[in-house]
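Please have the sequence and the structure open while I talk.

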Amino acid sequence: LFGPGHARRCGMDAATLRHSQLILLWGANVADTRFGADLAARIREQRRRGVPVIAVDPRRSRTVRDLSDRWIPVRPGTDTALMAAVLYVLLEEDLVDRSSLGRTSVGFERVERYVRGEDDLRAKTPAWAEGICGTPREMVVELARRYGRSKPAALIPGLSIQRTIGGEGAIRMARRLQTATGNVGIPGGS
């Protein structure tokens with residue numbers, strides 16, 4: 001399965017969060033569930049050091065209250081639409097790290113056409129997402145800009161976002177966001 005020189009690990013090592021300039025918890029309720037023994041402690045440590053922590057979640061969970069600086073509310077099961085709108089802003093404002101796309105992805109052009117609405121004539125704008133997610137468009141733009149300008153940024157998707165009909169799309173879109181911003185395979189990214 002793996003040839004010489006290929007890593008056999010995947011995922012994120014919580015210790016690398018010490019390199020993060022932004023931590024984005026997307027449906028990751030790490031205060032009430034366990035994603036490893038030290039993840040919540042590492043997030044608290046980074047927060048004390050002044051690193052912003054943003055929680056995207058339908059409810060004001062204990063993670064939102066105790067571990068984050070900013071809460072972005074989203075309707076349950078609409079995470080993929082919100083992520084597509086974030087990617088739309090990243091593309092429109094030239095916050096995509098195109099130099100890393102060739103190393104970390106294949107077929108990003110198809111995703112870009114979809115997000116820009118070239119395939120279905122419906123651009124995935126913040127206004128489009130607001131109607132689906134209930135997240136105000138201004139909040140979507142602010143989130144995208146902050147995320148796109150923070151290097152490195154860790155996006156930690158929770159298990160809850162994939163536990164809905166079509167939820168695997170949210171996990172794939174989270175990966176696309178990390179790829180688009182150049183945060184894959186680097187310390188402090190994910």
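Let me begin with Gln46, which lies in helix H1, residues 39–48. What we are looking at is a predicted model, and every value I mention is computed from it. Is Gln46 buried or exposed? Its relative accessibility is 1%, and because the cut-off for buried is under 20%, Gln46 counts as buried. If we set aside residues up to four places away in sequence, Gln46 touches Leu17, Arg18, His19, Ser20, Ile23 and Val51.

Apart from its neighbours within four places in sequence, Thr179 is in contact with Ser100, Leu101, Thr104, Ser105 and Val184.

Now to a pair of helices. Two packed helices are described by the angle between their axes and by the distance between those axes. For H3 and H6, the axes come within 9 Å and cross at roughly 165°; because angles over 145 degrees count as roughly antiparallel, H3 and H6 are roughly antiparallel to each other. Their crossing is left-handed. Which residues make the contact? From H3 they are Ala81, Leu82, Ala84, Ala85, Tyr88 and Val89, and from H6 they are Pro126, Trp128, Ala129, Ile132 and Cys133. By class, the residues of this contact divide into eleven nonpolar, no polar and no charged.

Finally, the backbone. Most residues other than glycine have a negative phi, and most peptide bonds are trans. Against that background, Asp94 has a positive phi of about 55°, although it is not a glycine. Asp94 is found in the loop between helix H3 (79–92) and helix H4 (98–104), and it is exposed, with a relative accessible area of 62%.

Leu121 likewise has a positive phi, near 60°, and is a residue other than glycine. Where is Leu121 found? It lies in the loop between helix H5 (108–116) and helix H6 (126–133), and with a relative accessible area of 82%, Leu121 is exposed.

The last item is a peptide bond: the one from Lys151 to Pro152 is cis, with omega near -10°. Pro152 has its place in the loop between helix H7 (137–149) and strand S4 (153–157).

How values were computed:
Residues numbered from 1 in each chain as written. Predicted model: local features only at pLDDT ≥ 70, side-chain atom pairs only at ≥ 80, totals over all residues. Heavy atoms only, no water. Helix = DSSP H or I, 4+ residues; strand = E, 2+ residues; numbered from the N terminus. Buried < 20%, exposed > 50% of the residue type's maximum accessible area, 1.4 Å probe, protein only. Contact = heavy atoms within 4.5 Å. Axes fitted to C-alpha atoms, helices over the stretch in contact; angles between N-to-C directions. Parallel < 35°, antiparallel > 145°, perpendicular 65-115°, else oblique. Left-handed = near helix turned anticlockwise from the far one by under 90°. Nonpolar A, V, L, I, M, F, W, Y, C, P; charged D, E, K, R; others polar.
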